[in-house]
Amino acid sequence: MYGHMSVAAGLMPPSYPQFYARGEGAHTWDVDGNRYVDFLCAFGPMLLGHRHPGVEAAAARQAAEGDTLSGPSARMVELAELLTDTVAHADWAMMAKNGTDATAMAVRVARAATGKRKLLKAAVAYHGANDWFTPKPAGVSVEDRANIVEFEYNDAASLSAAVSAHHGDIAAIILTPFRHDAFVEQELVDPAFARLARDLATEQGAALVLDEVRTGFRLDVHGAWEGIGVRPDLTAFSKALANGHAIAALVGTDPLRSAAADVYVTGSFWYSAVPMAAAIATVQEAVALDVPEVLRLAGERFRDGLEEQGRQVGLTVRLTGPPQMPILGFADDPDKALAFAFTDAAVRRGVLLHPWHNMFLSAAHTPEVIDAALEATHEAFAELRG
Ligand code: PMP
């Protein structure tokens with residue numbers, strides 16, 4: 001299994017599935033026919049549940065007309081208008097395929113606009129698999145990463161020091177809306193830190209980029225930092241944007257419009273219309289249902305249930321981060337042995353959890369689905385204690 005370590009079953013508990021056959025709503029089936037309540041949601045794309053009827057109908061209608069044509073369809077304009085109407089800071093939008101396309105495009109637009117080189121990012125934070133961002137240095141030259149400068153997430157002194165050290169040569173500061181690194185407890189952003197990042201970017205004439213590839217449409221459909229009143233200049237979306245169809249988007253503010261028009265970014269399939277039709281249906285549904293709130297309630301039910309079940313058997317279980325996308329952890333479990341054992345016991349009972357990557361709720365995770373999953377995890381805890 002290449003890439004994404006969190007998908008490689010060889011690094012997972014022994015009962016973990018590797019190949020999947022299908023998905024429906026909140027459930028997925030592996031190729032051996034085992035059914036799971038899916039708390040991975042394809043690592044983010046599944047926002048409304050697998051094979052959501054409204055999204056699939058929109059995709060099928062577009063497929064009957066044509067997908068990859070000799071240029072964009074009207075869906076591209078409709079999607080751009082929907083994104084600029086929905087995302088508070090967005091004045092324009094451009095589409096691509098994967099999250100890495102969108103974050104790379106953000107960097108290129110920022111450099112084109114500023115004529116500067118340095119890209120400031122939080123240490124460990126994942127923003128994609130290209131030469132700038134890949135967490136594994138194999139196959140990447142030192143020169144390719146020479147303009148990356150790291151600071152500590154939520155650490156004002158560290159961010160200020162990074163800015164001072166490269167004063168006058170900063171193209172962008174890129175941040176995720178909260179700290180969602182693998183293996184460790186997730187951490188919400190300190191609003192003062194977000195404001196500092198905004199102020200420093202403005203003072204430097206640099207772009208503040210919010211990487212919402214993982215959080216997009218799960219926390220706030222108008223932008224993850226709307227609640228704390230901090231607006232970025234650029235936001236990268238992908239994963240959940242079309243409920244599983246392959247698409248990414250970069251949105252930005254008017255001052256960056258001409259730089260966005262100047263950069264050369266493209267791909268053979270970037271104008272494909274089916275994922276755009278699916279994205280329009282997904283975003284409309286996310287807004288109409290207030291999906292972030294639906295996911296928050298589902299996530300709280302799951303989190304509170306698991307934490308209570310842990311207490312009943314004398315284990316401190318913590319699901320940290322926003323309830324819409326929690327990470328599982330146990331107290332006194334430095335090597336994650338307990339998290340692996342518990343995940344294994346849950347997987348054997350039809351609940352697909354992850355021992356060290358954040359998980360995802362979808363709108364198909366109804367209270368009934370959550371309660372059925374909790375019945376299974378109750379038995380998994382009993383086995384752990386048995
Ligand atoms: N940014 C973040 C925050 C991500 O979580 C990911 C994917 N896990 C990416 C960027 C890259 O997205 P993709 O894998 O679609 O290229």
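How far from a nitrogen atom of the ligand does a polar side-chain atom of Asp-211 lie? The distance from the Asp-211 side-chain atom to that ligand nitrogen is 2.7 Å, a polar contact being a pair of N or O atoms within 3.5 Å. The model is predicted, with local features requiring pLDDT of at least 70, side-chain atom pairs counting only at pLDDT 80 or more, and totals for chains, interfaces and linings using all residues. Residues are numbered from 1 along each chain as its sequence is written, and side-chain values use heavy atoms, without hydrogens and water.

**Ligand site**

- Residues around the ligand (a heavy atom within 4 Å) include Asn-98, Tyr-126, His-127, His-180 and Arg-214.
- Thr-100 places a polar side-chain atom 2.5 Å from a ligand oxygen atom.
- For Lys-239, a side-chain N or O atom is 3.3 Å from a nitrogen atom of the ligand.
- Of the 390 Å² of accessible area that the ligand has on its own, the protein covers 87% (Shrake-Rupley method, 1.4 Å probe).

**Sheet**

- Seven strands (DSSP E runs of at least two residues) form an open sheet with mixed pairing, in the order β4-β10-β9-β8-β7-β5-β6; pairing requires at least two DSSP bridges.
- Its edge strands, β4 (92–96) and β6 (148–151), each pair on one side only.
- Strand β5 (residues 118–122) pairs with β6 in the parallel sense over four bridges, and Leu-119 stands opposite Ile-148 of β6.

**Helix on the sheet**

- Helix α4 (residues 156–165) packs on the sheet and touches β5, β6 and β7 (170–175); helices are H or I runs of at least four residues, and contact means heavy atoms within 4.5 Å.
- The direction of α4 makes about 155° with that of β6, where axes are lines fitted to C-alpha atoms, for helices over the stretch in contact, and angles run from 0 to 180 degrees between N-to-C directions.

How values were computed
Polar contact = N/O pair within 3.5 Å; in protein donor to acceptor, adjacent residues only side chain to side chain.
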